[in-house]
Amino acid sequence: MPSGLRDNNLKTSRHPLPPQWTLLGCGALGGVFASLLTLSGQSTRVLLRERHRATLHPGIDFTSLDGHTQLLAIERGFVNQPGQIKRLLVMTKAGQVVPALSPLVGKLAAGIPIVLLHNGMGVAEQVVQLFPHNPVIAGVTSHGAMQGGHFVFRHTGKGETWLGPVNEVAKAHAHLADELARALGQAGWDEQILNRQWQKLAVNCAINPLTALYKVKNGELAGPRFTDALQQICVEVADVMTAEGQPTSQEELLRRAMMVVELTADNYSSMYQDLELGRETEIEAITGFLLARAAQHGIAVPVNQGLYQAIREKQ
């Protein structure tokens, strides 16, 4: 047998180590996280849909918080041929999580952790049903990100990131927060992640629909024009949270929302961006989830109901 052929056979029989992180979804936030993980020295692969084959180019164009732009070589894969996965970080929109994960049913080995980082709630429970033998971890993050074109991403705001277990087997994976912290500067583990999810939902209910409907940057919500609406949104969300066993007050939720408004004053919310670009918004997983829980408890939430209806009509 010719030596060259023997060498080729040897090469194809090798099984290279899977990347430390496989990201499913490469929207604005997914692109920024993939870039930050790569820059921290952690090997990263991005899983794309088949339609992206035609738009591939050599790297991800990433602009950091300090304005430094660079081209990063990040491994690409496709969901129909995912390769070996060590841990899966899902960064699609809430409504796309289950459809995006479905092709991996039967292909993702038992025990591989699935980390969900999306706005809204109500999705993690569906993922646990799809993957009953995998640790499922819920995350919330307040990092800001923008997408300027195919694989062109800008990090627009540094925030906090928290992970926590959705099912029992996920409790053994707190170390993943430490690994994310190497890339993000901060990431923590919280066994009571549900409380943080509700707090994030409250902020999203306050900021996203208003900025999207009125076509304003987050910072404009600090003006008197929006005072009454923000207060009423927070009153309604606080009532639902309390009924859900997550007691809080309108004042506390409003304080949190206004802190995010101040920190992200120059940013456009994800819902604003989605509506402007004709994409599906996450209104179902945000305000829609709130309305469903309110209905369960017989709580009236007229302001949130009106915002939900208005976004639905626009999209």
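**Pocket lining, nonpolar core and ring contacts**

Helix α6 supplies the largest share of the lining of the second largest pocket, 5 residues. The model described here is predicted. The volume of this second largest pocket is about 300 Å³. Its lining comprises 22 residues. Ala-124, Glu-125, Ala-138, Leu-194 and Gln-197 lie nearest the pocket centre. At least two lining residues come from each of β7 (114-117), α4 (124-130), β8 (136-141) and α6. By residue class, the lining of the second largest pocket divides into 13 nonpolar, 6 polar and 3 charged.

Helix α6 also contributes to the largest nonpolar core. This core holds 38 residues. Trp-198, Leu-201, Leu-221 and Val-237 have the most contacts inside the core. Two or more core residues are given by each of α6, α7 (227-243), α8 (250-263), α9 (270-276), α10 and α11 (302-314). The largest share of the core, 10 residues, comes from α6.

Aromatic pairs were examined next. The structure holds 3 of them. One joins Trp-198 and Phe-289, with ring centres 5.6 Å apart. The planes of Trp-198 and Phe-289 stand at 55 degrees, so this pair is tilted. Distant parts of the chain are linked by the pair. Trp-198 belongs to helix α6 (residues 193-214), and Phe-289 belongs to helix α10 (residues 284-297). The two residues are 91 residues apart. Trp-198 and Phe-289 are both buried. Trp-198 is also among the residues with the most contacts inside the largest nonpolar core.

Another of the pairs is formed by Tyr-268 and Tyr-272. Their ring centres lie 4.6 Å apart. The planes are at 20 degrees, so the pair is stacked. The cut-off for stacking is under 30 degrees. Tyr-268 has 30% relative accessibility and therefore counts as partly exposed. Tyr-272, at 13% relative accessibility, counts as buried.

Arginine side chains also meet aromatic rings. Arg-76 lies over the face of Phe-151, at 4.4 Å from the ring centre. Arg-87 lies over the face of Trp-21, at 4.8 Å from the ring centre.

Phe-151 has a further feature in its backbone. Its phi is positive, about 60 degrees, although Phe-151 is not a glycine. The residue is found in the loop between β9 (144-149) and β10 (152-157). Phe-151 has a relative accessible area of 3%, so this loop residue is buried. Lys-215 likewise has a positive phi, near 55 degrees, and is a residue other than glycine. Lys-215 is placed in the loop between α6 and α7.

Several single positions complete the picture. Pro-209 lies in helix α6. With 0% relative accessibility, Pro-209 counts as buried. Pro-209 and Gly-139 are 70 residues apart in sequence. Their C-alpha atoms are 22 Å apart in space. Gly-30 is found in helix α2 (residues 28-39). Gly-30 has a relative accessible area of 1% and is buried. Along the chain, 117 residues separate Gly-30 from Gln-147.

Other positions are exposed. Gln-192 sits in the loop between β12 (188-189) and α6. At 56% relative accessibility, Gln-192 counts as exposed, because the cut-off for exposed is over 50%. Gln-192 and Thr-161 are 31 residues apart in sequence and 14 Å apart in space, C-alpha to C-alpha. Leu-263 lies in helix α8. Its relative accessibility is 70%, so Leu-263 counts as exposed. From Leu-263 to Asp-190, the separation is 73 residues in sequence and 23 Å in space, C-alpha to C-alpha.

Technical notes:
Residues are numbered from 1 along each chain as its sequence is written. This is a predicted model: local features need pLDDT of at least 70, side-chain atom pairs count only at pLDDT 80 or more; totals for chains, interfaces and linings use all residues. Side-chain values use heavy atoms; hydrogens and water are left out. Rings of Phe, Tyr and Trp (its six-membered ring) pair if their centres lie within 6.5 Å; planes under 30 degrees apart count as stacked, over 60 as edge-to-face and the rest as tilted. Helices (H or I, at least four residues) and strands (E, at least two) are DSSP runs, numbered from the N terminus. Buried means under 20% relative accessible area, exposed over 50%, partly exposed in between (1.4 Å probe, protein chains only). A charge sits over a ring if NZ of Lys or CZ of Arg is within 6 Å of the ring centre and within 35 degrees of the ring normal. On a 1 Å grid over the protein atoms alone, a cavity is a set of points where a 1.4 Å probe fits but cannot get out, and a pocket is an open set with protein on both sides within 12 Å along at least five of seven lines; lining residues have an atom within 4 Å of a point. Grid points are joined across faces, edges and corners, and a volume is the space filled by probe spheres set on the points. Ala, Val, Leu, Ile, Met, Phe, Trp, Tyr, Cys and Pro count as nonpolar, Asp, Glu, Lys and Arg as charged, and the others, Gly among them, as polar. A nonpolar core is a set of buried Ala, Val, Leu, Ile, Met, Phe, Trp, Tyr and Cys residues joined through side-chain atoms within 4.5 Å.
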